[in-house]
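Dear colleague,

I am handing over the structure below, and I would be grateful if you kept it open while reading the notes that follow it.

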Amino acid sequence: MNRNDLRRVDLNLLIVFETLMHERSVTRAAEKLFLGQPAISAALARLRALFDDPLFVRTGRSMEPTARAQEIARLLSPALDSISTAVSRASSFDPATSTQVFRIGLTDEVEFALLPPLLRRIRGEAPGVVLRRANYLLMPGLLASGEISVGVCYTEELPANAKRKVLRRPKPMLLRADAIPGRMSMDDYCSRPHAMVSFAGDLNGYIDEELALHGCKRQVVLAVPQFNGLASLLAGTDLVATVPDYAAAALAASGGVRAEPLPFETSQDFELSMAWRGAQDNDPAERWLRSRIQMFVGDPDSL
């Protein structure tokens with residue numbers, strides 16, 4: 001196919017194809033693209049005619065791509081990234097007048113502790129801009145599919161076309177609500193009942209691995225999915241919690257709890273990073289957003 005033949009190809013069809021490759025479902029592809037299922041089905045029929053291949057074969061509840069579809073996806077993804085980059089470089093961005101919707105991925109403690117100052121800055125500079133937060137657990141796939149353009153998380157499992165920048169290296173802190181003076185000893189830390197934040201409801205975490213290195217154990221009696229209500233749950237109890245330093249600072253600032261260093265050294269180092277799609281590396285709007293994230297989520301003192 002030469003360049004003139006490309007005139008008969010609808011670029012929207014290629015977007016539908018890429019979304020179907022990621023979602024493996026007409027229903028989910030329709031939801032992601034804000035289209036009706038009949039529109040996706042019609043687009044799929046046109047794609048099958050264009051490539052002279054079934055492209056997707058239904059297997060149970062999923063649609064599995066054919067070998068031809070996998071080959072097309074391998075070639076198409078970088079091409080679409082290049083088109084996106086070319087269009088982005090030709091555009092301009094004025095924060096004061098923009099009504100752009102940014103789709104970002106954030107962990108729960110980042111949203112709780114670090115998003116508020118970032119949001120205040122964004123509201124001051126770009127009052128018409130909209131932020132939509134996505135589930136951080138799905139961040140690698142969301143970056144790959146383009147559903148989000150940037151995310152802040154701890155994962156290093158990122159798609160090949162993503163870029164990454166370390167924002168801070170947080171330390172774990174002990175959170176307590178009791179009035180007992182002085183720092184907590186190792187024995188007290190292990191004997192106290194513990195609360196932890198776990199999206200999946202797990203009762204074990206990296207702190208248990210660290211304690212095992214010291215020949216110690218703890219007892220987790222409460223697991224909650226969010227940081228937002230942790231301080232009120234600790235209030236009036238002997239419960240303690242171990243959280244990242246920036247979350248501890250935000251919780252302590254709200255009153256009722258205080259933060260202090262752990263009574264033992266930890267061996268694991270954590271990096272809170274910003275990851276974004278390489279195709280949008282030079283997009284003016286995305287560069288503005290990333291600069292604000294780095295400014296208000298990053299911590300130069302920990303780097």
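How many bridges join strand β8 to strand β10? In this predicted model, two bridges link β8 (residues 193-197) with β10 (residues 240-244), and the two strands run parallel. As for individual residues, H194 has V240 in β10 as its bridge partner.

These strands belong to an open sheet of five strands, in which the order is β9-β8-β10-β7-β11 and the pairing is mixed. Because β9 (219-224) and β11 (258-261) stand at the edges and have a single partner strand each, one side of each is left without a neighbour in the sheet. From one strand to the next, the twist averages 35°. Helix α11, which covers residues 245-253, lies across β7 (172-176), β10 and β11, and runs at about 120° to β10.

Two loop residues may also be worth a look while you have the model open. R24, in the loop between α1 (11-23) and α2 (26-33), is a residue other than glycine with a positive phi, near 55°.

Key:
Residues are numbered from 1 along each chain as its sequence is written. This is a predicted model: local features need pLDDT of at least 70, side-chain atom pairs count only at pLDDT 80 or more; totals for chains, interfaces and linings use all residues. Side-chain values use heavy atoms; hydrogens and water are left out. Helices (H or I, at least four residues) and strands (E, at least two) are DSSP runs, numbered from the N terminus. Two strands pair if DSSP finds at least two bridges between them. Axes are lines fitted to C-alpha atoms, for helices over the stretch in contact, and angles run from 0 to 180 degrees between N-to-C directions. Contact means heavy atoms within 4.5 Å.
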